[in-house]
Amino acid sequence: MSVLYTCEICGKECEGHFNSRYCPECRGEVIRSTHKESQEKRRAKRKTKTSEGAKPMTLGQIAAKARRLHMSYGEFVAKYGI
Ligand SMILES: [Zn+2]
């Protein structure tokens with residue numbers, strides 16, 4: 001079902017879905033900018049997460065964990081990439 005709508009950004013009249021708010025060109029821009037925004041947000045989030053918690057384990061802690069899992073230190077490091 002196609003209807004005429006006016007692009008909220010450039011004001012161009014377009015034919016498309018009645019829910020459409022932007023013309024195809026502007027929609028592309030909007031998607032690109034929101035995508036970029038969310039990527040930046042995600043990156044910022046990850047940054048705070050690593051700086052706040054997840055203290056790096058000491059060698060002794062890694063060795064103890066490996067022992068608990070019946071692995072050698074080398075195996076443990078290879079598997080979990082620490
Ligand atoms: Zn437009």
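The chain has a radius of gyration of 25 Å, whereas a compact globule of 82 residues would have one near 12 Å; the radius is taken over C-alpha atoms, and the globule rule is 2.2 Å times the number of residues to the power 0.38. The model is predicted: local features need pLDDT of at least 70, side-chain atom pairs count only at pLDDT 80 or more, and totals for chains, interfaces and linings use all residues. Residues are numbered from 1 along each chain as its sequence is written. Along the principal axes, the C-alpha atoms fill a box of roughly 70 × 25 × 15 Å. Of the 82 residues, 2% count as buried (20 or more other C-beta atoms within 10 Å of the residue's own, C-beta atoms being placed from the backbone).

Three helices and two strands make up the secondary structure, in the order β-β-α-α-α (DSSP runs numbered from the N terminus, helices being H or I of at least four residues and strands E of at least two). Strands β1 (residues 3-6) and β2 (residues 13-16) pair in the antiparallel sense over four bridges, where pairing requires at least two DSSP bridges. Threonine 6 has glutamate 13 in β2 as its bridge partner. Six residues separate the strands of this hairpin, and glycine 11 in the turn has a positive phi of about 80°.

Helices α2 (residues 59-68) and α3 (residues 73-80) pack at about 95°, with axes 9 Å apart; axes are lines fitted to C-alpha atoms over the stretch in contact, and angles run from 0 to 180 degrees between N-to-C directions. The two helices are therefore roughly perpendicular (65 to 115 degrees).

Notes: A residue is buried if 20 or more other C-beta atoms lie within 10 Å of its own, exposed if 12 or fewer, and partly exposed in between; C-beta atoms are placed from the backbone. Angles under 35 degrees count as roughly parallel, over 145 as roughly antiparallel, 65 to 115 as roughly perpendicular and the rest as oblique.
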